[in-house]
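Me: Please take me through the labels used for this structure and what stands behind each one.

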Amino acid sequence: MSAALKICGINSPYFANAAAEAGADYLGLIFVPESPRAVTVEEAVRIRAAVERKDVKFVGVFANEGEGAIRRTAERLKLDVIQLHGAEDASLAGSLRKDYEVWKAVSDAFDPEYPADAFLADSPRPGSGMRADRSLVRRIRASGKRLVLAGGISAANLKEALRSGADIVDVNSSLERFPGRKSILKLNQFMKEYHQDQGDRK
């Protein structure tokens with residue numbers, strides 16, 4: 001079974017278009033001010049406009065943000081997915097889910113009854129390059145919920161990540177020269193491995 005690809009932490013129009021043209025299925029925009037990869041709504045508008053491929057999906061990443069602010073950003077950018085990366089309660093997720101696909105990030109435990117379309121397994125320190133807990137990954141898989149696997153995925157360990165049975169793999173820090181600065185060279189190296197592996201799995 002093949003897995004879709006999300007490249008997260010996009011903060012450059014040029015890199016966004018390059019990632020889409022290379023074959024990414026999802027591009028992640030982080031609206032968490034503390035992140036070195038955070039973008040403003042105005043920057044995100046420019047990034048979205050630079051992407052020539054029309055079928056790539058945009059994911060907005062939020063943490064402990066109010067529903068009104070999330071909706072304003074999502075509507076302006078026409079986001080396809082809202083990724084909740086904080087301590088958001090089920091009522092917020094359920095409300096957003098009426099209009100958007102919702103992913104909930106988890107790093108230790110998860111509630112399969114939480115109203116999310118997918119659960120994103122990440123390390124306790126998102127964006128650090130640390131691996132997600134593989135026992136958590138197995139629990140999400142066993143629940144029958146869609147699995148987005150993040151946390152330290154790179155060209156070197158992509159095969160292992162794909163063997164986890166993830167529906168989507170989420171790549172971020174391994175494509176950077178330093179936090180917040182993506183590398184086209186690292187993107188190309190990763191995509192070569194990704195496409196080769198996907199071809200092998202068909």
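Reply: A crossing is left-handed if the near helix is turned anticlockwise from the far one by less than a right angle, and right-handed if clockwise. The model is predicted, with local features needing pLDDT of at least 70, side-chain atom pairs pLDDT 80 or more, and totals for chains, interfaces and linings using all residues. Residues are numbered from 1 along each chain as its sequence is written, and side-chain values use heavy atoms, without hydrogens and water.

Me: Which hand does the crossing of helix 1 and helix 2 have?

Reply: The crossing of helix 1 and helix 2 is right-handed; by the definition, the near helix is therefore turned clockwise from the far one. Helices are DSSP runs of H or I with at least four residues, and strands are E runs of at least two, numbered from the N terminus.

Me: Why is helix 1 called oblique to helix 2?

Reply: Helix 1 and helix 2 (residues 41-50) pack at about 40°, their axes 8 Å apart. Axes are lines fitted to C-alpha atoms, for helices over the stretch in contact, and angles run from 0 to 180 degrees between N-to-C directions. Under 35 degrees counts as roughly parallel, over 145 as roughly antiparallel, 65 to 115 as roughly perpendicular and the rest as oblique. The angle therefore makes helix 1 oblique to helix 2.

Me: What makes S12 a cap for helix 1?

Reply: A side-chain oxygen of S12 lies 3.3 Å from the backbone nitrogen of Y14, at the N-terminal end of helix 1. A polar contact is an N or O pair within 3.5 Å; within protein, one must be able to donate a hydrogen and the other to accept it, and residues adjacent in sequence count only if both atoms are side-chain atoms.
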